[in-house]
Amino acid sequence: MRIVAVDVFGVELTPAAGDFRLSRGRTMSASTSWVVRVTADDGRRGFGEACPLTSAYLPTFTGAVRAALEELAPALLGADPRNLADVAARMDATLLGQEAARSPLDVACWDLLGQDAGQPLATLLGGRVSDELPLYEAIPMGSAQETAQRVQRALDAGIRRFQLKVGGDPRADAETVARVVEQAGEGAVVIADANGGWSLADALVAVRALEGLPVFLEQPCRRFEDVLHVRRATTLPLILDESVTDADSLVAAVRRAGACGLNLKIGKVGGLTPARRLRDLAVALGASVTIEDTWGGDVAAAAIAHLAASTPPGSLFSVSLVNAAVVEHVAGGVPRTVGATASAPDGPGLGLEVDESLLGDPVLSFRA
Ligand SMILES: [Mg+2]
């Protein structure tokens, strides 16, 4: 099997529940998602997707992903897509970093490997062990009324896991978190995710106010050294996300910061190949993982679902299927969220039927 073509399509995604606000004034509104199609010499097509969450979430942005794809995609022409080590080596030899652009190419090759093997990716990523994925609802920064309404809608849908965006005024944030804990009720999981929005001083004020509440704290500060100071000031269980980008930072998160949870976004780490490695490392260290991506539609969601489905249930803290939060669907809304849960598709590879007529004309095309 050889790669004979790589095409990149720009698909406009719209957040289904309106603009999504994070700390530091960052707002997710409609955005271009890059859907990558890798075609093999037997005519099979594999898909991957990359969609950065605003231009100030990670050190990448939509235009950077496109530019990096323009460099990386030609390097894969002629490669056997089932040889993921060779695919990675070719990308390594072309560009350093650029994880968000490597990810859709890596995922599309995994899709082809799965199709060729006749197996769903969950099987190839370690085995399907989590059939009911524990989905969480992300609640953007907003007024008390907006927050209460969104939490109530999620509760009505059966969701009991909430990731509440904080990282603004620490006292107001703590009040919001306390209200959501009360509203969500006994047994709910509430994560206060600052997305690195607090200064060290703000974070110290926030954790003092949050101490004693049944909440998880996610990425209070951007800098890891600040996170270490926050860690020493609180007993709240800690999840790290933006700090964790590779094996070194993952081990430091668990060992130095005592993080009990790690948020692994497939695009943040460069695709399913590194995400699987980091997932296994986290599990081996006794930490739990949240599996998701920065943003995206059905293709990104399918990759998430397969990695999550192959994660031992006791180590799978939560999952976000990004496609449930967008209007546009290129594969019929699969994988489908049902209430508070979802499962990975059964078909080979990603298990998707991508409607290519919805992709439009490619913005980049490379032929062997
Ligand atoms: Mg996070």
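Author: Happy to. The centres of domain 1 and domain 2, taken over C-alpha atoms, lie 24 Å apart. Domain 1 is made of 3-119 + 354-367, and domain 2 covers 123-325; such bounds come from an automatic or database domain assignment. Please keep in mind that this is a predicted model, where local features need pLDDT of at least 70, side-chain atom pairs count only at pLDDT 80 or more, and totals for chains, interfaces and linings use all residues. Residues are numbered from 1 along each chain as its sequence is written, and side-chain values use heavy atoms, with hydrogens and water left out.

Now to the interface itself. Counting contact as heavy atoms within 4.5 Å, 37 residues of domain 1 touch 39 residues of domain 2. The two domains bury about 2,900 Å² between them, 63% of it on carbon and sulfur atoms; buried area here is the accessible area (1.4 Å probe) that two parts lose on being put together, summed over both. Of the area that domain 1 buries against domain 2, 22% comes from Arg24, Tyr57 and Trp110, more than from any other three residues.

What kind of pairs cross this interface? There are 16 residue pairs in polar contact between domain 1 and domain 2, both residues at pLDDT 80 or more. A polar contact is a pair of N or O atoms within 3.5 Å; within protein, one must be able to donate a hydrogen and the other to accept it, and residues adjacent in sequence count only if both atoms are side-chain atoms. The side of domain 1 that touches domain 2 draws at least two residues from each of β2 (20-21), β4 (31-40), β5 (45-50) and α3 (99-117). Helices (H or I, at least four residues) and strands (E, at least two) are DSSP runs, numbered from the N terminus. Helix α3 gives the most to that side, with 10 residues.

Salt bridges are another matter: 0 are counted between domain 1 and domain 2, while the overall count comes to 19. The rule asks for a side-chain nitrogen of Lys or Arg within 4 Å of a carboxyl oxygen of Asp or Glu. One of these salt bridges joins Arg37 and Asp7, whose closest N and O atoms are 3.1 Å apart. This pair links distant parts of the chain, with Arg37 in strand β4 and Asp7 in strand β1 (residues 3-13), 30 residues apart.

Stepping back, the chain has 12 helices and 14 strands. Its C-alpha atoms fill a box of roughly 60 × 40 × 35 Å along the principal axes.

The peptide bond from Val334 to Pro335 is cis, with omega near 0 degrees, and Pro335 sits in the loop between β13 (316-319) and β14 (364-367). Thr54, though not a glycine, has a positive phi of about 60 degrees; its place is in the loop between β5 and α1 (62-76).
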